[in-house]
Amino acid sequence: MVPDTLYRMSRLADTTRQADTVRIDSAAMAGSSGSDITSEVTYTATDSLVFSLDGKTVELYGKARIVYESITLEADYIRYEMDQNLVIATGLPDSAGNVVGNPVFKDPNNSFESKKLRYNFKTQKGYIEEVITEQEGGYLHAEQTKKQSNGHVHLKNGKYTTCDLEHPHFYIAITKGISMPGDKIISGPAYLVLADVPLPIGLPFGFFPNSKTKSSGILIPKYGEEQRRGFYLREGGYYFAMNDYMDLKVTGDIYTNGTWGLRVGSNYKVNYRFAGNLSVKYFKNVTGYKNIEGLFSESRDYSIGWSHSQDARANPNSSFRASVNLSSSSYDQNHTRNINSVMTNTKQSSISYTKSWPNSPFNLSASLNHSQNSKTKGVNLTMPKISFNMTRINPFKRKSGTGPKRWYEEIQLSYSSILENRIKTTDSLLFTSDVFNDMQNGYKHTIPLSLNIKPFRKTPMLQSFAITPSMNYRGMFYSKQVHKYVTYQEVQDDQGNVKFNPIVNDTLINKFSYAHSLFPSIGSGVAPKIYGMYQFTGDGRLEAIRHVMTPSASFSYVPDMSSYQPNYYREVVDTVNGDAVLEEYSIYEGQLYGTPTVNGASGSLNFSLRNNLEAKVRSKVDTIDEVEKVKLIDNLSFSTSLNLFHTDTLTPAWRPVSFNGNARVFKNKLNLSFRGTMDPFGYDSLRTRTRETYFSQTGNPVRLTSASISAGFSLKSKQNQGQDKSGQANQDRQSQLNNPDMARENPLENYDPNMEEYYGEYVDFDIPWSLRVDYNFSYNKPKDESKIVQTVRASGDFSLTPNWKIGFNTGYDLDRKQFTTTNLSIYRDLHCWEMRISVVPFGNYRSYNFQINAKSSILSDLKYNKRKAWQDNF
């Protein structure tokens, strides 16, 4: 018998057939049922639909779905009361008694799953039980929830966590609260629960940012204690979300001993145009106690960093880039917490602009460059360096020539110019007016006109032989000149006679002048290739060894043009003691580009020999007829030169022989490189080279003056093609560290980068590993005593499990017989938490850092940190 109020439309669920769909016209529904909704409601179900006899209620069974405007509701059971515009949704038990198909609600502001849901389409209000919703990287659980028409969610007995599990590892228990999607979550009394154990850590209220956009706010400082500087508050300040293109962060540090510091940083980005970041840091350091004389001192540190890159799409013909890393020599030791930064003695910066013109040989470049050494405290600046050049062109080449090419079409013309200002100072004088006292500047441009003649193009061995005559113009502009003069020192010999010893003095004169020269030159060179092959017989795998030699010889000559050129050379004459010439010098001696003219003729012969050695090896498998080429020596080169116009009768005209080479063996696992210089000539008591051979002095053919060898190999386990959840979690962590918007802290400022590389890689082995070993040897013998330095460096990591990573970085000085700075690190992935330990066990930088924290940037302050800074060791 059919009930009085309901009739049932049923059909068996069949996944191969389309679900029944009933569409209700909103106007007709309003007239028949009193509904006042303004849009069409569409609902579907795969099992059955149950309608009331009056048409005001429908029940949907089996993968039910209701769509109204931008609202979608899915569940295994939905009851829709049309006259009230009300839907009620729950899951249904399966054959095993487990409830499945719980309600899933989606609208433009929310998306969540719950156990039971009541929602009114008209008022947009709802009541939800046991809901789980994602809130911008966090998850909000609640036993009872009310959704308001403005999108706010009122909840009771809630949990807020960043763990994505249904039963989270940790959460902040919220007695009651309000969630404002896309803005914030505000709670009443709350406490922390870890592994289902409530902790005695409570808050009278809670505030959790939940905005998709940046917002300004206070940055809570970190607190701690150092032995040398006392208690501290660090990195507290204010963050300014200025607009969509840039932000600003102002933070400060303060220590109880009086040390303080200020940091200002900004990130900026304009899509398809440029992006970058800027940071300026200033610290006043206080050491000792004011009341104890001799133990109190003050100093200042600074650091400036700027990174700027231009999008290639912004302007393909010009670019502007900046990479600035400038600081005082003691900044890293006093204020950085990165061990690699402290161990690096040199820093470099560059700001550059380049411009080219399409379909034109001209290009322009300008740059500001900086380099410094924290040990010597020396700073070198080039500000600015501007060059304007024209690439090589053939001015006499016919545009549409017919017949053979004429010789004059090979004439080439180019142009180059450069303007520089160089400063050499110390970091303490960098921002003072004294920095400009010793500034060097100059301008130089050259115009070479040359012809490349290859007379033996058809001869295989001499195809590379070329003769290159050229005419060169060189001009230079300077703001200073050198003037040398004689002063006399009155001395008395043993007989009482008075003599006047001349002393040559020099001084710089501020005088703008232009110097130039026009001179011809000729050069030639040849570099043939000689091949040798040795074939092996028998059944061995080694089939042949191939040797390639590339000898080269070149000649250059510039005639004496002093009679036709301006004379920029002067003589220092001893007018008191017979007008003897004490010294001949150039008025541009010591200037940036030297003197444009050469006092006399010049020429040289240059010789070099390059060798390459490789083997042909048969395959290990007899059935495979393949030959593998194995490089035994990539390069082994020797070079020297002869000065054809060497005028010193005591020293040799030949330069020492230099050599270098490199090889990769064991399938490129071992890299070997070496270089050095050797001299066949002897030396006198002052270690000055003589024309006497070293063999005649010692019986040895040559003397080795310097040599260096570097060898290194790296081994690692193979990378897995797929990844499990742990590997993906590690990659997500690496992405967070690399993204400034997601990163909890600046990784270069707070963490050891050697540890951070462990977060992203997941490999096949149960115990994946990597190992890198480097050996360096250097030998120098500038005088009678030789100096040998040998060091070994090793680094690597291995995983005990997919969630444990242990790394190390160490070295040993074989000359001093002691370890160099050693760093040990441990990382543990705890799903939604992580733990890291970094230890420098000995040396001047001995320190440790232990931290366990929630991964999410939203709960960045939920952590425990214990550290001992290396600054306490100094």
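Q: Is valine 264 buried, partly exposed or exposed?
A: In this predicted model, valine 264 sits in strand S25. Its relative accessible area is 33%. Buried residues have under 20% and exposed ones over 50%, so with 33% valine 264 counts as partly exposed.

Q: Which strands give two or more residues to the nonpolar surface patch?
A: The patch is formed by Tyr223, Leu233, Ile254, Trp260, Leu262, Val264, Leu278, Val280 and Tyr282, with about 830 Å² of accessible area together. Two elements give two or more residues to the patch: strand S25 (260–270) and strand S26 (274–287).

Q: What is the volume of the second largest pocket?
A: Rolling a probe the size of a water molecule over the atoms shows where empty space is left. For the second largest pocket, the computed volume is about 770 Å³.

Q: Which elements give two or more residues to the lining of the second largest pocket?
A: The lining of this pocket consists of 27 residues, and Val342, Met343, Asn345, Lys375 and Tyr845 lie nearest the centre. The elements with two or more lining residues are helix H2 (331–335), helix H3 (339–343) and strand S50 (818–819).

Q: How many polar residues are in the lining of the second largest pocket?
A: The lining has five nonpolar and five charged residues. The polar class, in which Gly is counted, has 17 residues.

Q: How many salt bridges are found in the whole structure?
A: Side chains of opposite charge can pair when their charged atoms come close. The cut-off for a salt bridge is a nitrogen to oxygen distance within 4 Å. With that rule, a search of the whole structure gives 27.

Q: How many residues apart in the chain are lysine 347 and aspartate 332?
A: These two residues form a salt bridge, with the closest N and O atoms 3.0 Å apart. Lysine 347 belongs to strand S29 (residues 346–356) and aspartate 332 to helix H2, so the bridge links distant parts of the chain, 15 residues apart.

Q: Are lysine 347 and aspartate 332 buried or exposed?
A: The relative accessibility of lysine 347 is 11%. For aspartate 332 the relative accessible area is 12%. Buried means under 20%, so lysine 347 and aspartate 332 are buried.

Q: Which strands are tied together by the salt bridge of aspartate 679 and arginine 703?
A: The side chains meet at 3.4 Å, N to O. The partners are 24 residues apart in sequence. Aspartate 679 is buried at 2% relative accessibility, and arginine 703 is buried at 10%. Because aspartate 679 and arginine 703 lie in separate elements, the pair ties together strand S43 (residues 670–679) and strand S46 (residues 703–716).

Q: Is arginine 816 buried or exposed?
A: Arginine 816 meets aspartate 813 in a salt bridge (4.0 Å, N to O). Aspartate 813 is buried, at 11% relative accessible area. Arginine 816 has 61%, and the cut-off is over 50%, so arginine 816 is exposed.

Q: Which residue is linked with Glu59 and Glu81 in a network of salt bridges?
A: A salt bridge needs a nitrogen of Lys or Arg and a carboxyl oxygen of Asp or Glu. Glu59 and Glu81 can give the oxygens, so the nitrogen comes from the remaining member of the network, Arg79.

Q: What distance separates the C-alpha atoms of glutamate 226 and glutamine 871?
A: Glutamate 226 is in strand S22 (residues 222–226) and is buried, with a relative accessible area of 5%. Along the chain, glutamate 226 and glutamine 871 are 645 residues apart. In the model their C-alpha atoms are separated by 8.2 Å.

Technical notes:
Residues are numbered from 1 along each chain as its sequence is written. This is a predicted model: local features need pLDDT of at least 70, side-chain atom pairs count only at pLDDT 80 or more; totals for chains, interfaces and linings use all residues. Side-chain values use heavy atoms; hydrogens and water are left out. Patches are made of residues with over 30% relative accessible area and no salt bridge: like charges are joined within 9 Å, nonpolar side chains (Val, Leu, Ile, Met, Phe, Trp, Tyr) within 5 Å. Accessible areas come from the Shrake-Rupley method with a 1.4 Å probe; for residues, only the protein chains shown count as cover. Helices (H or I, at least four residues) and strands (E, at least two) are DSSP runs, numbered from the N terminus. Buried means under 20% relative accessible area, exposed over 50%, partly exposed in between (1.4 Å probe, protein chains only). On a 1 Å grid over the protein atoms alone, a cavity is a set of points where a 1.4 Å probe fits but cannot get out, and a pocket is an open set with protein on both sides within 12 Å along at least five of seven lines; lining residues have an atom within 4 Å of a point. Grid points are joined across faces, edges and corners, and a volume is the space filled by probe spheres set on the points.
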